[in-house]
Amino acid sequence: MEKFFNALYNCIYNLGLITGKIIGGFFKKIAKIIKKLFHFNKASFSSAKVFFKRAIISVVVLAIIGTTVYVASSNSNKIKAVSLEIDGEVIGYATSQTQADSAETMAIEILGDAGVKKVKNNEVRTDACNIKSASVLSDIIVEKLSEGLVAVNEIYIDGDLLCAVEDPQAARDTIKQTLDLAKKVYPNSSVSFAEKITMKPTYYARNNEKLYTTAQLQTALKNADTLTIRHSECEENIYLTDYDTVEIQTNTLFVGDTRVRRAGQNGSEYAINLVTYIDNQKVLSEHLMSVAIREPVPQIVERGIRAESLSMGSYTVIQTTGIFCWPAVNLYTVTSPFGHRSLGYHRGIDISGANASGSLVVAGAAGTVTEAGWSTGGYGNYVIINHGNGVETLYAHMLDNSLMVSPGDTVQKGQTIGRVGNTGYSFGAHLHFEVRVNGNRLNPAPYLGLE
Ligand SMILES: [Zn+2]
């Protein structure tokens, strides 16, 4: 390798020496000639002869070197390319197969059925300046393959092919005329077609049956199945506006009952809507503006929260939202709740009301009477009912001789067990009511729907 470079170096060095000698001699001779031309003699002519001989050799050598360099450089301009050929004729070059394919795809898109693949490709080398863009190549393919075909515009209605026409402007005019006719039917509306009309340029054989004349297009567009007219117009209206309903709770009604305390009133409103019709069928109403003429008046409804009643024949018992019915008929005042009070901790609730004495005391729920009689502990005449699952109720201070049950009796919910009295540790006629769960005396309020 080193040998080769040494040889190359020597070669270039020698070429330099020769060239230098030639060029040096060249200038030397020019000087001599000029000198001798001014000193005209025989020797000057012979020197000039030698000089011209050498000058011609120099020019020839330089010309050979120049040509070699030019040829070498122009060969390096040839690059890899893909040729596009139709019927053996090269119509252009692409940089790659991908670019050639994309040109052909674009051409087929325009040519439609006429663009069945007729282009052949070959890998070749060519001048860079011969390469063309995909769109230019596509144009060339279209030009070559469309010979004998008619350039047309396909007309699509909502994506479906209707026909093709040669003159797109005439087609547009025909479509516009169809729309203008519709505008005469709805003079105060904005009118359009409900369908989307699109055009696509392509090529057809002259005898293609989908290639319509303008007159044929006119007839096709008039066909009711082809296009539908959409028109929009402003409409004024007076509307009733709904009233809201406000609910308030009341103890004066049983659960589930309602009563209208104040009737609601509809308001009214003036509105302008943009209404759209397709073939006279209303398809859309867009609200443009509205002004209230009269505000609506809300309706007020009372909703009962009082528990439901339980008819026991001759009297009525209130079924509370708790698990028990109300234990004293017609007495609804809780005169002393469960918990601390001045007389000590209260283990139940006291119920009383107007004309309390003698009012009926009823079983809070079905069960078995476990105790009924006189208490030495201050309850007076009392009853205890076992409801199962460790739940018991106690009723105290009842009137003498009023107890209607005995231990071992089974009772129904709301069944009379005695009458309200003032016996035992009591100061005024009232019912003392207790709820016991597993022997613990709990606050009866939640069991009676009071909390
Ligand atoms: Zn009490």
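This is a predicted model: local features need pLDDT of at least 70, side-chain atom pairs count only at pLDDT 80 or more; totals for chains, interfaces and linings use all residues.
**Entry 1: a strand pair**

I began with strand β8 (residues 229-241) and strand β11 (residues 267-278), which are antiparallel and joined by 12 bridges. Strands here are DSSP runs of E with at least two residues, helices are runs of H or I with at least four residues, and both are numbered from the N terminus. Two strands count as paired if DSSP finds at least two bridges between them. Which residue of β11 stands opposite Glu233? I found Val275 there.

Residues are numbered from 1 along each chain as its sequence is written.

**Entry 2: the sheet around that pair**

I then followed the neighbours and found an open sheet of 4 strands, in the order β6-β8-β11-β12, with antiparallel pairing. Its edge strands are β6 (190-193) and β12 (281-294), each of which pairs on one side only. Neighbouring strands in this sheet are turned against each other by 30 degrees on average, direction ignored. For such angles, axes are lines fitted to C-alpha atoms (for helices, over the stretch in contact), and the angles run from 0 to 180 degrees between N-to-C directions.

**Entry 3**

Next I looked at an open sheet of 3 strands, ordered β2-β1-β3 and paired antiparallel. Here β2 (89-94) and β3 (119-127) are the edges, each pairing on one side only. I checked β1 (residues 78-86) against β3 and got 9 bridges in the antiparallel sense; Val82 has Glu123 of β3 as its bridge partner. Helix α4 (residues 134-145) lies across β1, β2 and β3, and runs at about 160 degrees to β2.

**Entry 4: Ile385**

I picked Ile385, in strand β20 (residues 381-388). Is Ile385 buried or exposed? Ile385 counts as buried because 25 C-beta neighbours lie inside 10 Å. The cut-offs are 20 or more other C-beta atoms within 10 Å for buried, 12 or fewer for exposed, and partly exposed in between, with C-beta atoms placed from the backbone. Beyond four places in sequence, its contacts (C-beta atoms within 7 Å) include Ala363, Gly367, Val369, Glu392 and Val411. I also noted 8.8 Å between the C-alpha atoms of Ile385 and Ala372, which are 13 residues apart along the chain.

**Entry 5: whole chain**

Among contacts between residues at least 6 apart in sequence, 67% join residues at least 24 apart.

Notes
Two residues are in contact if their C-beta atoms, placed from the backbone, lie within 7 Å.
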